[in-house]
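Subject: Handing over the two-chain model

Dear colleague,

Please find below the structure that I promised to pass on to you.

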Amino acid sequence: MRIRVNGQSHEFDGDPNTPLLWVLRDTLRLTGTKFGCGAALCGACTVHLDGNAVRACVTPVQAVGNAEVTTIEGLSEGGAHPLREVWVELGVPQCGYCQPGQLMQAAALLSAGTPPSDEEIDQAMSGNLCRCGTYARIRAAIHKASQER
Amino acid sequence: MSGVENVSRRRFLIGTGLAGGLVLGVWFYGTRGDRAPMAAAPSGSSGPAFEPNVFVGIAPDGTVTIVCHRSEMGQQVRTSIAQVVADELDADWSRVVVAQAQADEKYGSQNTDGSRSIRRNFSRLREAGAMARAMLEQAAADRWSVPVTECRVTLHEVVHGPSGRSVGFGELAEAASALEPPPSRDLKLKAPADWRYIGRPTPSVDLNDIVHGRGVFGMDVQLDGMKVAVIARPPVLFGKPKAFDAAPALAVAGVERVFELPTLKPPAGFKPLGGVAVVAADTWAAIQGRRALDITWDEGRNRSYDSGPYREALQVTARKKGRVVREQGNVDQALARAHKTLTAEYYVPHLAQAPMEPPVATAHVTDGKVELWSSTQTPQVTRREVAQALGIDESDVTVNVTLLGGGFGRKSKPDFSVEAALVSREVGAPVKVMWTREDDLQNGYLHAVSYQHLEAGIDARGQTTAWLHRTVFPPIGSTFDAGRTFAGEGDLSQGFVDNPFDIDHMRLENGRAEGHVRIGWMRSVANIYHAFAVQSFAHELAVAANRDPKEYLLDLIGPPRKIDLAAMDVEYANYGDPIARYPVDTGRLRNVIETVSKSSQWGRTLPEGRGMGIAAHRSFLAYVATVVEVDVTPDGEFTIPSVWVAIDAGTVVNPDHVRNQCEGGSVYGLSAALGQLTAKDGAIVQRNFDTYEVARMKQAPRSFDVQVVQSDEPPAGVGEPPTPPFAPALCNALFDATGKRIRSLPIGDQLRA
């Protein structure tokens with residue numbers, strides 16, 4: 001089967017039930033998308049399917065179909081993204097392991113257009129765990145990025 | 001954004017370490033292209049904390065390489081170590097690169113735990129930078145044939161004062177490499193007022209990689225021909241496979257080998273748990289293969305471990321007199337004569353470190369030598385344990401340290417690295433052993449479950465006159481000595497025997513508890529349950545005395561003084577540092593309480609459903625006070641609108657990192673009040689983040705105010721001290737809002753009752 005990831009087409013001939021996460025990490029060597037729980041409970045593996053945030057650890061690769069997969073490596077062409085800049089400016093990451101998933105989730109939230117409220121941030125971001133506890137800075141960074149746009 | 005490049009990633013992808021060619025001391029890279037050791041180790045101040053091991057390299061192009069010998073797990077140690085060295089060297093930050101050290105004794109201790117990377121290395125790092133600076137000045141003086149006193153390093157070059165001539169670091173590197181290093185006593189350290197980087201909120205050197213998904217963690221190591229293994233470990237400690245059928249696992253496409261690992265014998269120590277390894281061509285095949293395995297376990301005697309009855313047994317012990325570890329006055333008499341007495345018991349369950357990146361290591365064993373890439377907090381211990389397990393020399397084990405996706409003490413234990421080495425040796429290929437979340441929660445090193453009994457007497461004026469505190473928990477020592485049931489000095493030195501209260505009659509006791517699982521360190525360790533009990537009970541006493549909790553806490557602490565535990569014949573570890581340099585200073589504890597009271601506007605009137613709580617605690621030589629504000633709905637759901645923290649950690653290298661640790665450490669403390677691991681028939685019940693609850697965005701404090709106390713005192717710990725006061729401050733706030741007292745964690749549905 002073929003899947004499109006970050007604008008490029010790839011052939012995959014393994015088990016079609018393989019979660020997208022392991023195709024990205026093991027086959028395509030796109031290791032920015034992380035493993036944290038394997039059960040859609042922590043959000044470390046968050047990627048976009050046609051712009052919508054999904055958990056790659058429970059998404060069989062065969063379910064991707066013709067959808068465009070975007071990973072942290074492909075978040076915005078050329079690398080610049082308002083969230084990335086604010087993430088750096090506010091010093092959000094600590095260990096950084098969950099941050100690709102946090103950024104992908106936040107990017108999907110911001111793509112809705114209107115600046116999210118605190119409640120909307122709670123709603124959208126509570127599936128993404130961070131054991132370093134960077135939540136308050138993530139919240140502040142989302143507010144800042146949405147206001148600066 | 002700084003121009004500091006992260007070379008760690010490139011380093012281990014090409015498999016050769018810059019640090020690998022370095023020997024003790026300070027290096028200059030000459031034009032011959034090799035990296036010869038040019039200088040002996042800086043020898044600084046004496047004392048138990050002194051371990052000479054600081055590394056600077058300057059390339060002919062002027063690039064300054066600073067070697068970070070501690071593990072990066074979110075505390076930004078790669079940045080703060082570089083800040084200290086670069087400051088004394090007066091290097092241009094944009095021309096500094098950070099290299100990650102491999103395991104090597106030449107660095108001194110690399111154990112990244114106990115909140116000691118800065119406090120144990122600050123002086124040595126400064127001396128290493130100052131030594132390099134002095135030699136560059138001498139090289140410039142020789143070049144110009146002028147007195148060295150006329151030459152001065154200024155931002156990556158040496159300037160000759162009288163003539164105004166200047167020459168860059170790179171041009172001086174070769175000449176400087178030929179010089180004798182000055183003795184430590186001749187080194188001139190900068191005055192703090194001249195610090196360029198120390199004390200400034202310099203951004204992390206790894207930020208840019210992280211936000212682009214380029215940071216390379218242990219999980220991300222990829223080697224040519226690498227296999228992936230997952231291991232079915234015995235669900236009960238010291239269990240072993242009775243029988244297993246490998247065929248269904250081998251039938252999974254991609255699974256290549258299935259074999260049993262050596263059975264673990266007590267004590268557990270850092271050794272692997274044993275079990276059955278499933279080795280496959282890729283991760284998914286390995287996971288599927290393990291799922292297909294059919295194993296019957298011989299569970300052994302720990303099958304009896306059940307958290308319900310165990311709690312009852314702890315309670316029985318806590319209600320009986322234990323081993324006295326500190327005593328002053330006559331508590332029994334004072335309790336008998338008290339106007340009023342108060343008794344409370346506190347329970348904190350087993351908890352898991354649960355770093356977002358589960359344990360993972362990759363090993364390649366060839367010709368009796370091992371190269372390892374590990375997400376480890378303890379590269380040297382890892383090297384030792386791998387060598388022992390394989391029966392080879394430590395010099396034949398190379399340990400590369402990746403970025404760590406969180407550590408929190410879990411990755412201080414090298415069992416997972418040993419597993420990788422054993423499996424790689426068996427299959428003759430590079431192997432990554434990855435733990436799933438279920439493995440992490442069910443086969444971990446658990447934070448000890450604890451039960452504490454406290455009694456106090458209050459006089460007619462509401463003052464506390466007597467304090468009895470018994471703590472009971474399976475000690476960390478039981479992991480290393482299976483017979484250990486009493487707590488060790490280290491356990492009891494964490495917020496127990498160093499009780500800061502000024503109470504005439506005090507007795508502190510410890511009761512026996514047997515370990516049935518591996519007990520291990522978790523961020524701030526025994527301070528978590530000791531601070532929870534002490535700071536909750538202090539609040540209960542304030543309520544009983546009808547006093548303001550903050551004022552009452554200050555009264556309990558008493559006047560500013562240095563508590564002389566030795567004079568009371570108390571064994572006190574003081575986190576491995578001298579008490580003269582780091583006393584138990586109640587003045588500093590009082591100060592953080594006063595500071596956080598001001599920042600939080602303590603005492604203000606709150607709307608219905610809101611409450612505020614305070615707690616303060618000294619740990620890892622730092623002082624932290626925390627105020628939590630909660631908002632509780634009528635049906636008992638709570639949120640945390642704001643948290644205020646004040647920390648006095650002495651001299652601080654990077655105040656923004658300190659603030660980040662205070663925020664994150666608070667959230668870690670919140671998680672300690674939300675989650676629990678329980679055992680049934682010897683096995684851990686919780687399997688993943690659906691049943692092991694940790695704080696999420698919607699539960700986390702919405703905003704933080706962190707006050708970092710300005711101090712010239714020696715640097716103290718930062719990574720752990722913010723955690724202990726959080727849970728008691730939270731539960732005190734919940735009491736303030738609802739009148740309901742949480743004495744048993746997790747909070748669960750206790751507010752709904």
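In the largest nonpolar core, which has 269 residues, the members that touch the most other members are Ile66(B), Ala229(B), Val278(B), Ala421(B) and Leu730(B). A nonpolar core here is a set of buried Ala, Val, Leu, Ile, Met, Phe, Trp, Tyr and Cys residues joined through C-beta atoms within 7 Å, and a residue is buried if 20 or more other C-beta atoms lie within 10 Å of its own, exposed if 12 or fewer, and partly exposed in between, with the C-beta atoms placed from the backbone. Helix α3 (residues 122-144) of chain B gives the largest share of this core, 11 residues. Leaving aside residues up to four places away in sequence, Leu730(B) touches Gly613(B), Val628(B), Val630(B), Leu670(B) and Ala673(B), where two residues are in contact if their C-beta atoms, placed from the backbone, lie within 7 Å. In soluble globular proteins, nonpolar side chains tend to be buried together.

Please keep in mind that this is a predicted model, in which local features need pLDDT of at least 70 and side-chain atom pairs count only at pLDDT 80 or more, while totals for chains, interfaces and linings use all residues. Residues are numbered from 1 along each chain as its sequence is written, and chains are lettered from A and ligands numbered from 1 in the order in which they are written.

Chain B has 19 helices and 30 strands, these being DSSP runs numbered from the N terminus, with helices (H or I) of at least four residues and strands (E) of at least two. Of its 753 residues, 61% are buried, and its C-alpha atoms fill a box of roughly 80 × 75 × 45 Å along the principal axes. The radius of gyration of chain B, 27 Å, agrees with the value near 27 Å that a compact globule of 753 residues would have; the radius is taken over C-alpha atoms, and the globule rule is 2.2 Å times the number of residues to the power 0.38.

One open sheet in chain B has 5 strands in the order β14-β22-β21-β20-β15, with mixed pairing, and two strands pair if DSSP finds at least two bridges between them. Because β14 (323-328) and β15 (340-348) of chain B stand at the edges with a single partner strand each, one side of each is left without a neighbour in the sheet. Within this sheet, β20 (residues 450-458) and β21 (residues 464-472) of chain B run antiparallel and are joined by 8 bridges, and Gln452(B) has Thr471(B) in β21(B) as its bridge partner.

Chain A has 5 helices and 5 strands, which follow one another from the N terminus as β-β-α-β-β-β-α-α-α-α. Of its 149 residues, 54% count as buried, and its C-alpha atoms fill a box of roughly 45 × 30 × 25 Å along the principal axes.

Where the two chains meet, 48 residues from chain A and 52 residues from chain B take part in the contact. On the side of chain A that touches chain B, the largest share, 4 residues, comes from α4(A), and the residues of that side divide into 24 nonpolar, 14 polar and 10 charged. In this count Ala, Val, Leu, Ile, Met, Phe, Trp, Tyr, Cys and Pro are nonpolar, Asp, Glu, Lys and Arg are charged, and the others, Gly among them, are polar.

With best wishes
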